[in-house]
Structure formats: C-alpha cells, structure tokens
Amino acid sequence: MSNHPPKITATHVNVWYGAKKAIDDVSIDIDQDSVTALIGPSGCGKSTFLRTLNRMNDTVANARVQGDIRLDGEDIYSPDMDVVQLRARVGMVFQKPNPFPKSIYENVAYGPRIHGLASSRSELEGIVQTSLKRAGLWEEVKDRLSDSGTALSGGQQQRLCIARAIAVDPEVILMDEPCSALDPIATAKIEELIHALKGRYAIAIVTHNMQQAARVSQRTAFFHLGQLVEYGATTEIFTNPREERTRDYITGRYG
Amino acid sequence: MTGPALLLLLAGLAFVGWLSARARAVAFRAPKRRFSSLPGHHAWYVALWTILPPLAFLGVWSLVSPALVTDAVLATPAAAQLPPPGFERASILSEARELAQGDAFGAFQPLARALEPAYAAAQARYDWIATAVALLLALAGGGWAYTRVRPGFAARTRTERIVMGLLLAASLVAIMTTIGIVVSLIWEAGRFFARVPAADFLFGTHWSPQVIDPRDPGASLGALPLFWGTFFIGAVIAMAVALPFGLMSAIYLTQYATPRVRSWVKPMLEVLAGVPTVVYGYFAALTVAPYVRDFAVGIGVETASSESALVAGSVMGIMIIPFISSLADDALAAVPASMRDGSLAMGATPSETISRVLLPAALPGVVGGVLLAVSRAIGETMIVVMAASGVANLTLNPFESTTTVTRQIVDLLTGEAEFDSPKTLAAFALGLTLFVITFLLNMIALSVVRRYREAYE
Ligand SMILES: Nc1ncnc2c1ncn2[C@@H]1O[C@H](COP(=O)(O)OP(=O)(O)OP(=O)(O)O)[C@@H](O)[C@H]1O
Ligand SMILES: [Mg+2]
C-alpha cells in the first residue's frame, strides 16, 4: 500500500440489470500509483464493475447502481456530479479497438475539442503529439496523421484509443481487456505502455490473462459470481492466495 | 370450345395421368426395396407433362392467333371495302371483332356489321384448331411420360427439374416485361428524336406542346423548364421538408426514444408511408394550396399561384418523411454501438456524440437514402397532377406555378391525339429521360449504401 489516500474508493457497491444482480456488495480502493488488475471467470461482473467507475452503466437502460463510489473523496453518483466532467477525468479503453471513422489526428483531437482544452491550433497539435507519443504510436503515424484511424492495424488502433483517452488528460484510465483482440507482439507493446503510464495515471485493467495480470499490475482483485472474493497485492494473490477459489482460478483448475 | 372449358378438360387429363401413373408406380413397388422415386413423384411427373405442353402452346397461340384471324378476315370479299390501313380501318376491325365475340351491343359502323360473320367464322375455325392441337399435345406428352414410369426411372429429380424451370420462367416474365418496356420506350423516343433535335428538346426553354409549329416542332418542345420544375419540386423543396424531419425523427428514435416509445412511434410513421398518394394529392390541392397562396399574397408576393411549386413540393416532402426516416434509422443503427460508447466515455454529451461521431459515420448511408428518396420524388405523379400547375415556368420563386415531367406526360397522353404526332411522342421522350435519371440515381444510391454496409462488416 502506498501512503497516498486511494484515488477511488468504492464501498458496498451493488449493480442490477433489471431484476438480476450482477455486482454484490463489492468494496475496492483503486490506488493512485499502481495498476489494479480485475480478474475472474467470464460473466462474473468485471466489466460491469469497471463501468460503474465512470458511470458508463448510465447508458445501459435497465442498469441500476447502488453504493458509494468516490473519486478523490467526491461522490460520483451524487446529483451534483457532472457526468461529462467525470468521464473526462476517468477515461476508458474498450476491449475492441473503436477508433472513430475519422483521421488519426481527429481521433486524438476529439476529446480536447469537445472539452475546449486547446485555445489555439498549435496548442491542439501539441496535445495530439504528446498523447500519441505517450501512447507509443507517434513514430509509426507521424507521417500520416490525416489517414483514417480505422486503416491502422488492430494493435495500432488500440494504442490510438489509448492516445485518445490520454488526450483529455484524465486522472484515471480504465481498460477493459484491452489486449484480447491483439496478437502477442501488439499485446507486449500495450503492456509496455501500461508500465510507462503507471504513476502518471491511476490504472484499472480487466484481463483474462493471468500472466498479464501478474506482469502489469501491483494489486489484483479476484471476482466470482458478482462478488469480490479476494483483493490484495498481486504477488500475494499469485503466490499465496488466501481463498481456495482464487487458487483454483489462477492455477487453471477453475470450473 | 371456350377457354375455361378447355383448361378444365386439360386439368382433368392431367389428373387422370396423375392417377394412372401413381397406380402403375404403386404396382411395381415391392417390399424391402428402395426406389429413387415414390409413386407421388411419378404421378406428378406425368401430370406436369400432360398439362405444361398444351399450356405453353396456348400461351404462344394467344399471341399469334389474333393476327391470323385478322388475315383471314381481310382475305374475304367483304373486306375489300375497308379504308386503307390507318386509324379508321383499325377501329372498324376492332369493332367487328367485338361484335363477333359478343362484347359489343351495337355497331356504330355498318362495315363492322358486315365483317362480323367473317370474323366469327375465322375465330371459330382457329379456336377449333387450337383446341385440337392442345388436346393432342396433352395426350402425347402425358402418354410419353407414362411410358417412362418404370422402377428405375428417376421421376423425383425430373420433377424437381421441371419445377425449377417453372420458377425460372416466372422470374423471366418480370425481367422480360421490364426489357420490353424499356425497348418500347426507346423505340418511341427514337421516333420523337427523328423529328425533333435532341438538343432542342433537352436544352430548349420554351415548352408549349398545345401549339406546335409543324415546320419546327423543336421550338415549342424545349423540356428544360420541366426538368427544372421536377428538380425544384422533387429534389429541392421536397427534400428541404423531408430531410430535416426524417433525419431528426430517426435520431430521436435510435438515440433517445425508449423501446416503448419506439414501438409506438415507428409504426405510426409507417402509416404515413401507407397513405395513397392520391390522398396526399387532394390534401395538397384542397387544404395546403389555398393556405399557402393566401400567405404568399399576405407577404406581398403578387405572382403567387394556388398551384405553386411550394405546395406540391412540401406535401411530397411529407410523403417522403417516413422513407428518409427509416433509411436514416437503418444507417444510424448500422454504426456500431462501440462508436457511441467510445465517444460517451470521452465525456461527450449525447448530442455531441450524434453530431460529431454518429452522423458522420452514418453519412454515406444517409446520402444513399436521400438519393433513393429523390428518385422516388421525381417519379411521383399523383401529387403533381393534382396540385402542381400544367404550365411550364422557369422560375426560382417557390410561390409561382411550376410543372414537372410526370405531370406533362399525363397531360400529353390524355385527351385525343394521333399516336405519331410530335406532341404525343414527346411523352415517350420525357418518360425515357425520367427513366434514365431515376435509374442512374438508384444505381448510385445502391452502390453508396452497399459500400457503406461493407465498411462495418
Ligand atoms: N446490458 C446488460 N443487460 C443485462 N445483463 C447484463 C448486461 N451486461 C451484462 N449483464 C450480465 O451481468 C453479468 C456480468 O457481466 P459482465 O459483462 O460484467 O461480465 P464480465 O466479468 O465482464 O465477463 P467477461 O469476462 O465475459 O467480459 C453477466 O451475467 C451478464 O450476463
Ligand atoms: Mg467483460
């Protein structure tokens, strides 16, 4: 544990889809300086939980969230909270790369434009360049910024999406299985990138890949059937889990 | 023999063939042996062979026999008094034919009465021949097929092949009809362009088909004002109404409406699409037109007409709203949800997401839909017949009267006129032009839409 207060504190979170409960009384702290991995079998509610952190569940018609989630101590579900501001502070990268059908430049410039982050053209260009550099994509695309973002390879598209998220200067980045559609080389690039981004942004990542969780994260949360089974330091979870279910899952004996 | 009786007899023969083939096939059925075909297959094979050849023959016969009958009538002495080939001669002959068939109550032309017996005799003779040939074909086809009913005969696959042939023939009918229409359109338009230079027709600005100078018909058959009017009403005014309303309702339905609201509003929009165009026509002429004219006069437009382009165009636009809405709806729904989520997760509001991500992404689909809608609007006839003017007018003022291509085609072909005057033939030239334009629009629209679909597969 670091000595900062946690970036996000989620306490007693419950989520329902209609009458079906998808998250059952989950409490987690997300640290500022570390990468937090969410693991667990398919359908256990990892994505659902992640999406409560930037209120993307609001876009699902029948989803209902209950509990207390705070970003820097501020209740993100309070009526005073501006969802638009929240999502600018808590960025998200999806499982399948989803660049907009616009140019590479416009993809990255999208967020700064809608939030009015740049007062001049050159400032906007600066933001785009820094974001692409931080996402490790600059060298590959600097000569074709006006090409369509959808014309890039899958791995490049995913890094473009990360650059897009970085461009609005968020405090937290949520990643939902960002590598599941990528080959091992592209995956390695993203993992490197996560290492590089760690510290600057609080990061929470959902993954099905145990080695990946072990490689990139400092803290790991194991979910099962909507409940948080175990949460602690990654080394601890992988070498010496307290719970039987965690051990079975990470050693592949699950199910 | 009359037509229905002959058909009934053929059906009876086919049934007899069906029964006997079945009986024969049942007879050679043996336990513990598998045959490629069941008795039912043999039965159908024989039945089809009994009925199809005579039907095919009768179909062809009905096309050639009127000419044969007429030739026979013309060979009789009574026909010697007929006027030379032309409109009058044709009308006497057709009246005589109607008399002979008992369709007419009395003869207006004495010569028709005189020709009636000859007609009746020739008709009877050829009918008799047709009946005999049809029955012979039925017996020959059925008999031949019956001899093939044997244990090893693959009646099943043969029947299948015949059925496939029938289906193919059915689809060919539609294609052939289309080709026939296009060919006749080109043919008649060709006769028009033989008399009127194409440049006069396409680029001339003076349209008054009622007074044509026989020495220079092109001078009063300049169709440019019609093309302009069609474009102005169908592509400008109608789209100015339909596009915003259609697009906004599609946006509301796909992005904001709850499933409950959507399940109510969508069918109601579709009712709008089901209203007959003639109803839109009188809505335009009786309800909208006076109101628009009074309004225009009120704001000081002295030349305002009650047959203004604005009335026909805006009602046409209302008619097209559901069309645009449903195509735009499809285009928006085809944009992956991940696109919308990506934008929302950046902190964009729903309306920013729509205007900056969803609409640009759906744009090709929407453009394709609009092109289809334009091609529908410019071919629309009933509304402009009832609400637009018949007077060609090259104007930019929507309150003035304008006419369209379809409206002029109706005007040119109604009322009496010889079928080979430049005036009547002009209708075909207009029809051909309209056909070419809508055809091109549809091709472009479909290829735009298709390419757009592929982009998201
Ligand atoms: N929009 C929705 N409507 C109804 N039920 C949903 C919805 N989204 C998810 N669920 C249900 O909620 C539960 C948790 O889903 P969630 O997507 O969070 O799982 P997950 O852990 O991310 O799984 P995976 O590893 O397969 O992505 C599942 O049982 C799922 O069926
Ligand atoms: Mg998931």
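Me: What share of the contacts in chain A with a separation of 6 or more comes from residues 24 or more positions apart?
Reply: Contact here means heavy atoms within 4.5 Å. Among contacts in chain A with a separation of 6 or more, residues 24 or more positions apart account for 65%.

Me: What kind of model is this, and how is it numbered?
Reply: Residues count from 1 along each chain as its sequence is written, with chains lettered from A and ligands numbered from 1 in the order written. Side-chain values use heavy atoms, leaving out hydrogens and water, and local features need pLDDT of at least 70, side-chain atom pairs pLDDT 80 or more, while totals for chains, interfaces and linings use all residues, as this model is predicted.

Me: How many helices and strands does chain A have?
Reply: Helices (H or I, at least four residues) and strands (E, at least two) are DSSP runs, numbered from the N terminus. For chain A the tally is 10 helices and 10 strands.

Me: Why is chain A as compact as a globular protein of that length?
Reply: The radius of gyration is taken over C-alpha atoms, and the globule rule is 2.2 Å times the number of residues to the power 0.38. For 255 residues the rule gives 18 Å, so chain A is as compact as a globular protein of that length, its own radius of gyration being close to that at 18 Å.

Me: What percentage of chain A is buried?
Reply: Buried means under 20% relative accessible area (1.4 Å probe, protein chains only). Of the 255 residues, the buried share is 53%.

Me: Which helix of chain A gives the most to the shell around ligand 1?
Reply: A residue is near if one of its heavy atoms lies within 4 Å. There are 13 residues around ligand 1, and A:S42, A:K46, A:S47, A:T48 and A:H208 come nearest. Four are nonpolar (Ala, Val, Leu, Ile, Met, Phe, Trp, Tyr, Cys, Pro), three charged (Asp, Glu, Lys, Arg) and six polar (the others, Gly among them). The helix that gives the most, with three residues, is α1(A).

Me: How far is an oxygen atom of ligand 1 from an N or O atom in the side chain of A:T48?
Reply: A polar contact is a pair of N or O atoms within 3.5 Å. A polar side-chain atom of A:H208 lies 2.8 Å from a ligand 1 oxygen, and a polar backbone atom of A:C44 lies 3.3 Å from one. For the A:T48 side chain the distance is 2.4 Å.

Me: Which helix holds A:R89?
Reply: Beyond four places in sequence, A:R89 is in contact with A:L71, A:D72, A:E74, A:P170, A:E171 and A:V172. Its C-alpha atom is 25 Å from that of A:S180. The helix, residues 83-89 of chain A, is α2.

Technical notes:
A polar contact is a pair of N or O atoms within 3.5 Å; within protein, one must be able to donate a hydrogen and the other to accept it, and residues adjacent in sequence count only if both atoms are side-chain atoms. Buried means under 20% relative accessible area, exposed over 50%, partly exposed in between (1.4 Å probe, protein chains only).
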